[in-house]
Amino acid sequence: MECACPAGRRFLLPVGQAVSYIGVLMTTSSLPGFRDFYPADLALRTHIFRTWRTVARRYGFVEYDGPPLESLDLYTRKSGEEIVGQLYGFTDQGGREVALRPEMTPTFARMVAARAGGLPKPIKWFSIPQLFRYERPQKGRLREHFQLNVDIVGETSVASDVEVVAAAIDMLRALGLGSADFVARYSDRTLISAVLQEMGVPEALLPAAFAALDKADRESEQWVFDRLVEAGVGELEAKRVLALADMDLADLSDQFGAVAAVEESLSRLRQFREQAEAAGLAEFVELDLRLVRGLAYYTGLVFEIWDRRGKFRAICGGGRYDDLLEAVGGPALPALGFGMGDVVLGELLRDRDLVPDDEATLDDFVIHVSEAELPAALRIVHSLRARGRRVGFDYRSRSVGRQFKVANQSGAERVIVVGPEEVERDECVVRSMGTGDEVRMDVADLFSGAG
Ligand code: HAM
């Protein structure tokens with residue numbers, strides 16, 4: 001086998017030997033933070049994706065996709081500092097500054113903006129992109145992950161806020177998780193912006209204040225306080241901001257109800273609660289006024305789903321981003337949605353023993369008694385496959401005992417045996433692996449009963 005090496009020189013390598021360039025033995029590990037999906041891992045991923053798709057369609061969302069590589073400025077302008085610092089960015093061979101997508105929302109906004117005029121509203125789309133962020137790999141956080149994105153464009157109603165949160169909750173319920181396992185915490189960025197300003201945080205410092213508050217779930221109060229002060233928020237004001245954690249809507253109404261922006265957001269949040277209760281979601285949703293979300297483009301409702309036992313990172317996050325479409329060059333259309341990653345969710349499902357059993361890989365296994373019956377066995381194998389059955393056989397004509405063992409391991413529900421006598425009479429013996437019952441039948445009847 002010939003191998004083209006980086007220096008352009010060619011080396012002859014024996015087939016089957018690990019490929020190595022001079023002195024550099026290639027490793028069998030994937031890059032840090034990147035996963036190999038062995039069949040059992042992929043089975044779990046497929047189970048998650050299948051459930052996501054089923055639930056998204058139940059809500060009337062349709063699937064779309066976009067390119068994994070985008071222009072760098074799509075993120076530098078709109079995603080916020082944290083994600084920009086984690087970009088896999090480079091200059092392509094045409095001299096363009098590009099990046100692997102770290103999130104789907106900018107692509108979604110760009111795609112909708114390009115065709116917004118022609119699309120009936122509300123636009124309800126979902127996607128399951130693979131995303132790339134150069135994070136420090138840790139439990140629940142990798143450098144690539146798959147993320148369900150569910151978004152609605154063209155709606156400002158509270159009902160659409162509830163619809164999106166309900167969809168996220170139902171994704172998890174459909175996977176077998178309940179209100180003892182997770183909680184959707186929600187808040188409103190407009191409300192928090194108005195309240196922080198009333199507390200004395202200048203508008204220009206809001207992004208820094210949000211970035212500090214966004215870490216409140218992981219860091220200590222002192223840490224958040226220090227970041228606020230570092231950003232330029234006064235100590236007294238920073239203390240007031242921290243007190244938000246213990247406030248509820250009534251407290252905010254008492255203290256800041258006279259401010260129009262506050263009262264408007266409070267009214268939306270009250271309606272949100274009422275509608276979520278009407279939708280049967282009371283036990284799944286909780287107000288959390290410290291929640292602001294790290295991404296820069298959110299404008300109204302924000303929410304995150306967390307594991308109740310606090311063992312894992314956020315499972316899901318989203319909110320309203322009413323200005324983003326216009327900011328990427330489209331019409332001014334309100335939008336909202338969420339992203340739910342496969343990494344934390346997979347960890348949670350494993351933790352709660354909610355990973356489905358391995359599926360059988362075969363329906364039928366055709367055993368041939370000796371090599372002489374291989375042609376007859378092949379005819380049966382291929383005729384059954386043509387009828388849609390998953391069928392295996394032994395490539396090496398090993399002993400019947402060995403073939404039964406392999407058939408057992410494959411989980412096949414039926415074993416079909418052909419020996420010299422059966423070939424002569426155009427028959428076969430069919431054994432049900434579940435019951436052990438055996439019947440002799442014409443091969444033609446085997447096909448008429450299949451598929
Ligand atoms: P996000 O909060 O950055 O939001 O990500 C959403 C979810 O994706 C997180 O809660 C987490 O489950 C998963 N996730 C994010 N980063 C990683 C990582 N490095 N490793 C594993 N899982 C991760 C967004 O991306 C928004 N664009 C979501 C959105 C859609 N908002 C509106 N529409």
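Since the model is predicted, local features need pLDDT of at least 70 and side-chain atom pairs count only at pLDDT 80 or more, while totals for chains, interfaces and linings use all residues. Residues are numbered from 1 along each chain as its sequence is written, and side-chain values use heavy atoms, with hydrogens and water left out.

The ligand has 26 residues around it, and those that come nearest are Glu103, Thr105, Glu135, Leu142 and Tyr298; to be near, a residue needs one of its heavy atoms within 4 Å of the molecule. Sorted by class, this shell holds 10 nonpolar, 10 polar and 6 charged residues. Here Ala, Val, Leu, Ile, Met, Phe, Trp, Tyr, Cys and Pro count as nonpolar, Asp, Glu, Lys and Arg as charged, and the others, Gly among them, as polar.

Then there are the polar contacts, meaning pairs of N or O atoms within 3.5 Å. The side chain of Asp151 puts an N or O atom 2.8 Å from a nitrogen atom of the ligand. Backbone atoms take part as well: a polar one of Ile315 sits 3.0 Å from a ligand oxygen atom, and an N or O atom in the backbone of Cys316 is 3.3 Å from an oxygen atom of the ligand. On its own the ligand has 660 Å² of accessible area, of which the protein covers 97% (Shrake-Rupley method, 1.4 Å probe). Two or more shell residues come from each of β11 (144–153), β15 (316–320) and β16 (335–341); strands (E, at least two residues) and helices (H or I, at least four) are DSSP runs, numbered from the N terminus.

Contact (heavy atoms within 4.5 Å) involves Thr190, Leu191, Ala194 and Val195 of α6, and Ala261, Val262, Ser265, Leu266 and Leu269 of α11. That makes 7 nonpolar, 2 polar and no charged residues.

Lys121 and Pro122 are joined by a cis peptide bond, with omega about -5 degrees, and Pro122 falls in the loop between α4 (105–115) and β9 (123–127). Asp353, in the loop between α13 (342–351) and β17 (364–368), has a positive phi near 60 degrees despite not being glycine.

Key:
Polar contact = N/O pair within 3.5 Å; in protein donor to acceptor, adjacent residues only side chain to side chain.
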